[in-house]
Amino acid sequence: MDQHSDDAPSRPRRRVTIADVAAEAGVSTAAVSKVLREAYGVSEEMRTKVRTAVDALDYRPHTGARTLRGRSFTVGVMLLDVAAQFQWEIIEGISTHLEPTPFQEVLITGGPDPARQRRAVDALLDRQMDGLILITPGMGAAWLEELGRRAPLVTVARHGPAETYDSVVTDDHLGAGLVVDHLVALGHRQITHITAPIGELARPSVLSQTPRLDGYCAAMARHGLSPQVIEADYSEAGGHRAAGQALDAAAPPSAIFAGADSSALGALRAAEERGLDVPEDLSVVGFDNASVAGIGRVSLSTVDQDGPSTGAIAAELLLQRLDGRADPVHRVITPELVVRGTSAPPG
């Protein structure tokens, strides 16, 4: 019988190795390793040669071997809630920045409870993540510092100094001031701010709601106005409850500054339920510039803090950490006010 007939079993294809890639590209295995690790000091010519060889040979690093060598090429990303739209825009930036690298993000939700967040982080570490990106982590400052000694770490939306990890934040104080200045310029004097609870954290190591509250209070004082603050979770339900409380008061505001777009959506629903026209009877401004804010029927005035760019910066900082940088880096995003259809002079 012909041993080369179509019915004969084919031999398993040999796994392509890093040495094969190096031979194909005409470079050393060390050079291939540098390109795959996105290391510093690699020329664009070298990067092109190696990437071309990787594609030609369909090379895929062996996960088990990588883990044994101390690398799994996975990045653990903790977000607060799957319903938090703006956090997904940050993740989009992380994913897009990691796409041309060997690293793959692995997502986990931490929820609002710091104890649950700590368990989520431990679950990521148990799975041999090479590094971590934590979005709005609510753990104590000392715990984060210790975590930064255990693994390369970048936090997003966590303000305050850090010695062992990197952070990316928006200038939330400035962003809140932009909102107040905008509303005051329109003629508003009764401006209610919906903020989120600070929890167990204390200044200066806090989440974004605290500098937003501080910026609002400072801007109101600068204009000679009295702050009006209501605490509620950053969610549509929380914004609805807080706005309802404000609008049902004896002296309701003419404008509401919600500390998150999700809360602003709840405020819009509360206004509609009371027969109020926005912006004729009530101006509403949010914070985030989540994609829903730009939908025509919503047309929410808000503060843009560029979620995709925030995620990309966080991913780049983590890659630098993985390549050996030890000094902490603190990046600040400058926000911009986006005026749409929910803010106007008071009626």
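**View 1. The largest pocket has a volume of about 1100 Å³.** This is a predicted model, in which local features need pLDDT of at least 70, side-chain atom pairs count only at pLDDT 80 or more, and totals for chains, interfaces and linings use all residues. Residues are numbered from 1 along each chain as its sequence is written, and side-chain values use heavy atoms, with hydrogens and water left out. A pocket is an open set of points, on a 1 Å grid over the protein atoms alone, where a 1.4 Å probe fits and protein lies on both sides within 12 Å along at least five of seven lines; lining residues have an atom within 4 Å of a point. The volume is the space filled by probe spheres set on the points, which are joined across faces, edges and corners. Of the 42 lining residues, look for L80, Q87, T136, Q209 and Y234, which are the closest to the pocket's centre.

View 2. Two or more lining residues come from each of α5 (85–98), α6 (114–126), β5 (166–170), α9 (209–222) and α11 (261–273). Helices (H or I, at least four residues) and strands (E, at least two) are DSSP runs numbered from the N terminus. With four residues, α5 gives the largest share of the lining. The lining holds 22 nonpolar, 13 polar and seven charged residues. In this count Ala, Val, Leu, Ile, Met, Phe, Trp, Tyr, Cys and Pro are nonpolar, Asp, Glu, Lys and Arg are charged, and the others, Gly among them, are polar.

**View 3. Six strands form an open sheet with parallel pairing.** Follow the order β2-β1-β3-β4-β5-β11 across the sheet. Because β2 (104–109) and β11 (330–333) stand at the edges with a single partner strand each, one side of each has no neighbour in the sheet. On average, neighbouring strands here are turned by 15° against each other, direction ignored. Zoom in on strand β4 (residues 153–156), and you will find three bridges joining β4 to β5 in parallel. Two strands count as paired if DSSP finds at least two bridges between them. T155 stands opposite S167 in β5. Helix α12 (residues 307–322) packs on this sheet, touching β1 (74–79), β3 (131–135), β4, β5 and β11, and the direction of α12 makes about 170° with that of β5. Contact means heavy atoms within 4.5 Å.

**View 4. A second open sheet has four strands with parallel pairing.** The order is β7-β6-β8-β9, and the edge strands β7 (228–231) and β9 each pair on one side only. Neighbouring strands of this sheet are turned by 20° against each other on average, direction ignored. Four bridges join β6 to β7 in parallel, and H193 has V229 in β7 as its bridge partner. Helix α8 (residues 172–186) lies across β6, β8 (255–258) and β9, running at about 165° to β9.

**View 5. Helices α2 (residues 29–36) and α3 (residues 44–57) cross at roughly 90°.** Their axes come within 10 Å. Axes are lines fitted to C-alpha atoms, for helices over the stretch in contact, with angles from 0 to 180 degrees between N-to-C directions. From α2, the residues A31, V32, V35 and L36 meet M46, R47, V50, R51 and V54 of α3. This contact has seven nonpolar, no polar and two charged residues.

View 6. Most residues other than glycine have a negative phi, and most peptide bonds are trans. The peptide bond from R203 to P204 is cis, with omega near 10°, and P204 is found in the loop between β6 (191–195) and α9. Another cis bond runs from V278 to P279, with omega near 10°; P279 has its place in the loop between α11 and β9 (283–285). A157 is not a glycine, yet has a positive phi of about 75°. You can find A157 in the loop between β4 and β5.
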